[in-house]
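Hi everyone, thanks for coming. Today I'd like to walk you through one structure, stopping at a few places along the way. Please have the picture open as we go.

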Amino acid sequence: MERIERVAVIGAGTMGRQIALQIARHGVPVAVYDADPAALALARRAQAGTIRGWLAAGLATAEDWPADVVAAHLRYEADLGAAVRDADLVIEAVPERVELKRAVLGQLDEYCREGAILATNSSSIRISLLEDATARPGQCANFHFYNPVWDKPLVEVGGGGATTPETIAALLAFGRRIGLLPLRVRRESTGFIFNRVWRAIKKETLKVVDSGVASHEDVDRAFMTMYQTPQGPFGLMDEIGLDVVRDIEEHYARESGDPSDLPPPVLTERVARGDLGVKTGRGFYQYPDPAYKSPDFLRGGDETED
Ligand code: NAD
């Protein structure tokens with residue numbers, strides 16, 4: 001692979017939309033496909049409004065977010081073949097389930113031209129568990145973005161036993177080209193680099209709340225105060241999507257076989273109720289104005305009183 005000139009993104013959810021925007025704003029043509037026509041239509045509507053909204057609110061500059069460049073480089077395709085046929089790189093961003101990702105990669109292998117790279121934005125699944133669903137394991141790799149892509153401008157690049165050095169080099173170079181700092185995962189690892197660190201925080205904070213030791217608000221207050229961050233782990237889980245967090249935790253538990261790795265009821269019960277975080281308007285907090293963004297949040301609140 002000389003240089004990546006055309007990209008396709010599979011899955012137009014939270015991450016697929018962001019990845020496509022980041023690529024288009026850097027002047028690289030990108031096609032977005034989703035198996036659900038409603039999700040594709042929603043992504044198209046949301047993306048058109050996102051940049052306009054930021055510019056109008058003074059949250060972004062036209063130099064950083066040239067709406068005309070984005071519009072000229074971003075397209076939506078309801079047909080998978082049309083989305084990926086000319087792509088040098090396809091990034092899948094479908095839900096975090098091994099069998100689903102294997103099916104999607106197998107499908108992509110059939111539609112994509114020889115030599116095209118098939119990358120996964122999986123949060124935890126090693127490419128070795130997916131690559132043999134294709135006839136091109138050498139061109140399969142982990143290419144893991146963070147949410148939101150533009151505020152957390154890292155991308156982790158990792159291969160399995162079969163991934164060629166050329167594939168890794170092309171992804172490292174492409175990560176830089178689209179304004180991100182590529183981090184090389186030198187050895188296969190479930191959760192890659194930062195997600196392993198985040199995973200430890202997530203697992204422990206969920207247990208602290210699930211076992212009744214503290215409210216999720218107080219855990220976030222502690223975290224925000226200690227690390228001087230505008231958001232704690234529960235606010236961040238809401239942003240990621242609690243269903244996505246649950247799927248990731250279940251993958252870790254399946255890999256380890258350790259029941260203590262399973263996501264606790266404080267998380268799974270919310271998912272079962274359909275409280276998935278920002279995307280449904282309610283998770284650990286309520287949206288669009290979650291309590292942790294209030295200026296008084298760090299002073300404490302009623303929920304901490306007995
Ligand atoms: P999401 O649920 O918001 O979106 C997934 C999209 O995939 C949906 O629109 C769905 O219709 C579509 N889809 C499902 N099956 C499909 C198929 N067979 N073909 C095409 N499209 C299909 O999920 P998300 O939060 O965007 O996560 C996607 C991936 O990115 C997961 O692997 C997740 O672990 C990873 N990830 C998520 C975050 C995050 O903060 N949400 C961050 C980094 C990585």
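This is a predicted model: local features need pLDDT of at least 70, side-chain atom pairs count only at pLDDT 80 or more; totals for chains, interfaces and linings use all residues.

Which residues are they? The lining is made of Arg44, Gln47, Ala48, Ile51, Arg52, Ala67, Val70, Ala71, Leu74 and Tyr76. Two or more of these residues come from each of α2 (37–56), α3 (67–73) and β3 (74–77). The largest share belongs to α2, which supplies five residues. As for the space inside this pocket, the volume is about 180 Å³.

Now for the ligand. Which residues come nearest to it? There are 27 residues around the ligand, and the nearest are Met15, Asp34, Glu96, Lys101 and Ser123. Two of these names come back when we look at atom pairs. Asp34 places a polar side-chain atom 2.6 Å from an oxygen atom of the ligand. Ser123 also has a polar side-chain atom 2.6 Å from an oxygen atom of the ligand. Ala35 uses its backbone instead: a backbone N or O atom there lies 3.3 Å from a nitrogen atom of the ligand. How much of the ligand is covered? On its own, the ligand exposes 840 Å², and the protein buries 86% of that.

Let's step back to the elements around the ligand. Those giving two or more residues to the shell are α1 (14–25), α5 (98–111), β6 (140–145) and α10 (242–256). The one that gives the most is α5, with three residues. Using our classes again, the shell has 15 nonpolar, eight polar and four charged residues. And where does the ligand sit relative to the domains? Domain 1 (7–185) and domain 2 (196–296) both give residues to the shell, so the ligand lies between them.

Next, a space of another kind. The count comes to one cavity of 30 Å³ or more. The largest cavity holds about 40 Å³ of space. Its lining consists of Arg126, Asn142, Gly158, Gly159, Val185, Arg187, Glu188, Ser189 and Phe192. By class, that makes two nonpolar, four polar and three charged residues.

Hold on to Phe192 for a moment. Besides lining the largest cavity, Phe192 has a phi near 60°, a positive value in a residue other than glycine. You can find Phe192 in the loop between β8 (181–185) and α7 (194–210).

My last stop is the backbone at two prolines. The peptide bond from Asn147 to Pro148 is cis, with omega near -5°. Pro288 belongs to the segment after α11 (265–273).

Key. Residues are numbered from 1 along each chain as its sequence is written. Side-chain values use heavy atoms; hydrogens and water are left out. A residue is near a molecule or strand if one of its heavy atoms lies within 4 Å of it. A polar contact is a pair of N or O atoms within 3.5 Å; within protein, one must be able to donate a hydrogen and the other to accept it, and residues adjacent in sequence count only if both atoms are side-chain atoms. Accessible areas come from the Shrake-Rupley method with a 1.4 Å probe; for residues, only the protein chains shown count as cover. Helices (H or I, at least four residues) and strands (E, at least two) are DSSP runs, numbered from the N terminus. Ala, Val, Leu, Ile, Met, Phe, Trp, Tyr, Cys and Pro count as nonpolar, Asp, Glu, Lys and Arg as charged, and the others, Gly among them, as polar. Domain bounds come from an automatic or database domain assignment. On a 1 Å grid over the protein atoms alone, a cavity is a set of points where a 1.4 Å probe fits but cannot get out, and a pocket is an open set with protein on both sides within 12 Å along at least five of seven lines; lining residues have an atom within 4 Å of a point. Grid points are joined across faces, edges and corners, and a volume is the space filled by probe spheres set on the points.
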